[in-house]
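Hello,

Please have a look at it first.

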Amino acid sequence: MTRRDIAVVGGGLSGYATAIGLALEGFDTLLVAPQAERTDGRSTALIGESIAFLARLGLAEAIEAKGERLATMRIVDDTGRLLRAPTTEFKAAEVGLFAFGINILNADLLTLLKERAGTLSDRLTIETEPVRDISADADGASVTLADGRAFRVDLIVGADGRNSIVRRYSGIALRDWTYPQSAIVLNFSHAQPHDRISTEFHTPNGPFTQVPLPGRNSSLVWVDTPDAAANAKDLRTEKLAERIERRMHSILGAVEVTSEVQSFPLSGASAARMAGERTALVGEAAHVFPPIGAQGLNLGLRDAAALVSAVSASRDDPGSKRALGAYERARRVDVVSRTVGVDLLNRSLLAGFLPAQAGRAAGLAALSGLPFLRRFAIREGLSPGSGFRGLSKGLNERLGTGRLATVDDPLS
Ligand SMILES: Cc1cc2nc3c(=O)[nH]c(=O)nc-3n(C[C@H](O)[C@H](O)[C@H](O)COP(=O)(O)OP(=O)(O)OC[C@H]3O[C@@H](n4cnc5c(N)ncnc54)[C@H](O)[C@@H]3O)c2cc1C
């Protein structure tokens, strides 16, 4: 049986990022990455620690070149309800930053990660056959591929998505749920510049969110009923463009759809633990979020960063109880608090119940009017825990490269 230090199962964004991080720490790493069935049309608004981690992988410049910075986040209450919140804007400059983060197409980010992985071939082997079987005991673990080849390792990382085989073989329970919504995802160009502003329209069926891409382009995540999503997918692109422009109250002028239209049924899931015997879970293998508040992949990348750090502190045995206990402790609070927060936000949007509407409207009104609360919310959104610590100096330091400069020192 071929020997490696660590096997990472899953060649999505979380899996590639984890495998590269482990290889850079000197672990002899196997990445099992079967070819994806379809190109991922989504984009990710990378924030705070995700960018810091990707910068440590050597991708800071490449991400900046491919993505677009987010300078302002605007929330518009478009529910048409009795109790509506005022339009709220969060500017990165309020906490001394030039940008909150960078929005990049998932397909571009995956290409960058694959290219980086290719430069580490002495420590990182990539196999494209899926995993058929895994086993683990106190002394080590084994991964068997569909073609029968087997690898002996100290640790197996499950980065294999929501139906994770690693999670199942580890006996880690999963709580999962669905929402009565689907997300329509596409990219579009527009007549007016976006000025690095992302606008989220809160509608009774969910958020309709435009996020800037380079040039006069943006990505769209449009959460609506499954029927509305199916209708949108069936529309001719000109009709769809008209509908998008109308939904956005023409703030970016005329719109042209520039990508395939994809739809994703909304669901959530949360694994009972982040680690089992000689196994650890990262990304959607451990937690699935509805696309609200740009949390999913950012949490997956924070998982990857925490796992690399935990196993690097136990080099003699990266699959030891000590390493995996440290990983579990590092991730639990962040994952649970974000799962609850995103779920509550989505349910408050769907609620026809007046007190829930009042609560949401009052919360946004408070954020709109109270500078201290606004700064706290921005810091917490960017980096969990940092709202309590103060951030204006700290974030740039944690970003490691200083590439997201402060307002006094803009990059452009
Ligand atoms: C509409 C939408 C918009 C979103 N927008 C954002 C956003 O703005 N910001 C954000 O942070 N997050 C966002 N997310 C969430 C984010 O896209 C996901 O969290 C992320 O893509 C999950 O990546 P992953 O690598 O964990 O899982 P996946 O991408 O599912 O990768 C899992 C991989 O494992 C592989 N695999 C499965 N089984 C096996 C096996 N047996 N052997 C080997 N390999 C296997 C699969 O082939 C796949 O490549 C969004 C989600 C949705 C639905």
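Which residue stands opposite V153 in β12? That residue is A141.

Two things to know before you read on. This is a predicted model, in which local features need pLDDT of at least 70 and side-chain atom pairs count only at pLDDT 80 or more, while totals for chains, interfaces and linings use all residues. Residues are numbered from 1 along each chain as its sequence is written.

The protein chain holds 13 helices and 22 strands; these are DSSP runs numbered from the N terminus (helices: H or I, at least four residues; strands: E, at least two). Of its 412 residues, 47% are buried, where buried means 20 or more other C-beta atoms within 10 Å of a residue's own, exposed means 12 or fewer, partly exposed lies in between, and C-beta atoms are placed from the backbone.

Back to β12, residues 150–153. Strand β11 (residues 140–145) runs antiparallel to β12, joined by four bridges (strands pair if DSSP finds at least two bridges between them). The two form a hairpin with four residues between them, and G148 in the turn has a positive phi of about 95 degrees. Strand β1 (residues 2–3) runs parallel to β12, with two bridges, and T2 has F151 as its bridge partner.

Elsewhere, G253 sits in the loop between α7 (237–247) and β18 (255–257). G253 is exposed because 12 other C-beta atoms lie within 10 Å.

Enjoy exploring!
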